[in-house]
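Welcome, and thanks for taking a look at this one with us. Please have the sequence and the model open side by side as you read.

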Amino acid sequence: MLKRTHTCGQLRLEDAGKKVTLAGWAHSYRDHGNLVFIDLLDKFGLTQLVFNPVTHPQVHKLAKTIRCEWVIAAKGLIRPRSEGMENPKLPTGQIELAVEQLEILNISKTPPFEIDSAEKTSEELRLANRYIDLRRPQMQAKLRVRHRVAKIVRDYFDRFGFLEIETPFLAKSTPEGARDFLVPSRLHKDCFYALPQSPQLFKQILMIGGVDKYFQIVRCFRDEDPRADRQAEFTQIDVEMSFVDSNDVIGVHENLIAKIWKQIMNVDVRAPMRRLSYKEAMADYGTDRPDLRFDMKLKEISDIAKKSTFNVFTSVVEKGGVVKGLCAPGKKYSRSDIEKALTGFVADYGAKGLAWAKVKKENGDLSLAGGVAKFFSPDLQKQIIKRFKAEDGGMILLVADSERVANKALAPLRCKLAKDMSLYDENRFEFVWIVDFPLFEWNEDEKRYDSLHHPFTAPVQEDLDKLVTDPAGVRSQAYDIVVNGSEIGGGSIRIHDPKIQQKVFDLLNISNEQAQKQFGFFLKALEYGAPPHGGIAIGLDRLIMLLTGTDNIRDVIAFPKTQRGQCLLTDAPSEVDARQLEELNLRTQRHLRAIEQKNNEQKQ
Ligand code: ASP
């Protein structure tokens, strides 16, 4: 067998004259009558092979039988391409391999789609034939970035004395707020493992176990309802540190992020990064994942709106709601745009309407015109213009509703307008830490508090008394890192005092019995000298998406699942043998029906 001496991405003009052997996949085939050209592809690149019928007739004849995706090895002389035939877009575009010896290492069926037109192929077809899809240079590049990021992460943490420690997959349920994937135990009939939603409790126990600093690039499993940017199994860079406060954890990760961005994208990320309190983020951007590449802050004008003659506004404010909105610069939207497209857009987020008014300048004075302007006296109009710092031609858009609905509608509206008006540079990265989250949020349906992060998040020290007097007012020592409007990670300083942990469980309505059953092992561990500790988890898939500029999470995972949780390559999940179920002491509906049918047949 011909063994390769070089890769398909390696050879340059200065290699002309060398005798080499290359191996790879026949990517494209061109028969120019006398000469045959084959582009040979491997993960390193692409090199042009040329077959000459005069100098090597046998080899040329064999080359004519080759089809796309056949695996071949070719030996010959590297030479400069003839004038005018160079391809400046290709690193190997100055040379070609004049083949003297050819070996077909394997043939291939006609692939179900052409590699070069994969982008236009249905994603299902690509996923079902992932081995073909992965040959694409774009996919190889993403795999490479993922590998490099993992390497940077490992080297970085290693240098600072963190240990990478594996935690179990066959575990007990961990409370990250999603549904667990369960694995039945054969040896313990009727008992189940849960695949970890994160290694949260194990990493905290590692701190109690004196490990001091831990990290792990780890798979997490959450059986959530399908969403475009989620996978049921995804990867986190999971970290926990002892004897630290939130600034320590934040600092370590700012530097890590800066390092990754520099090494992968050659982009300088400013550290320290900006920080915004949850309260500020919600007030100014309507979300705890603000996109800070552009300004266009939200403003509440309830105090002004309640003095207007517009019933909708006054009654909403009276009932405790808000009038809140933004001022979009420029004149891009017409009245009908606003009334149709934008109103429809906010309606999808639950807003009942979108009020508007344009800012105009007359005789040097700014005032409002159109829409709801007529309900505001000139003085109130001035107050609104001042609040929004609006300028001539600006368009004020307002939602009157509960604060929750107004924020829910305005946050995406702000992003949509900015995108439509090209208010920012798509290639910029604006990082921000969101801090001072509330510890709890009220769950109206179940009439109890929920943790905003998870139940092991520590309250801010000076809010401890409020755990009894005003739980909703307690801030947590949690932090999320957000870039360009998407959350890439989050963590917190943890509760290390079992008494506070107990108090938090009480507020979450987790009974003693339930707590003992679910996390008894952990509560016990907390009683044996838990050091102060905290950590974070950063979503690796999300990170790679940002670094490779894709908004499809499946593009950054070698073997992803569809939105419906299926692996189209292996056809998982699938039914299993009745015998396997019996061993597990399990019966599926299908299984039960079959047993019933058999019984009936026997009776007859
Ligand atoms: N376990 C958390 C998560 O998976 C992260 C953390 O608090 O460290 O989101």
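What follows is a short tour of a barrel, a helix and some cysteines.

This is a predicted model, so please read every value below as computed.

**The barrel.** Five strands form a closed barrel in the order S1-S2-S3-S5-S4, and their pairing is mixed. On average, neighbouring strands of this sheet are turned by 55° against each other, with direction ignored. One of the pairings joins strand S3 (residues 45-51) to strand S5 (residues 95-106), in the parallel sense and over two bridges. Here Val50 of the pair stands opposite Ala98 in S5.

**A helix inside.** Just after H16 comes Gly549, which takes a positive phi of about 65°.

**The cysteines.** How many disulfides does the model have? The count comes to zero.

| Cysteine | Nearest cysteine sulfur | Distance |
|---|---|---|
| Cys415 | Cys327 | 16 Å |
| Cys567 | Cys220 | 19 Å |

Cys415 has 29% relative accessibility and so counts as partly exposed. Cys567, at 9% relative accessibility, counts as buried.

Key. Residues numbered from 1 in each chain as written. Predicted model: local features only at pLDDT ≥ 70, side-chain atom pairs only at ≥ 80, totals over all residues. Heavy atoms only, no water. Disulfide = S-S within 2.5 Å. Buried < 20%, exposed > 50% of the residue type's maximum accessible area, 1.4 Å probe, protein only. Pairing = 2+ DSSP bridges. Helix = DSSP H or I, 4+ residues; strand = E, 2+ residues; numbered from the N terminus. Axes fitted to C-alpha atoms, helices over the stretch in contact; angles between N-to-C directions.
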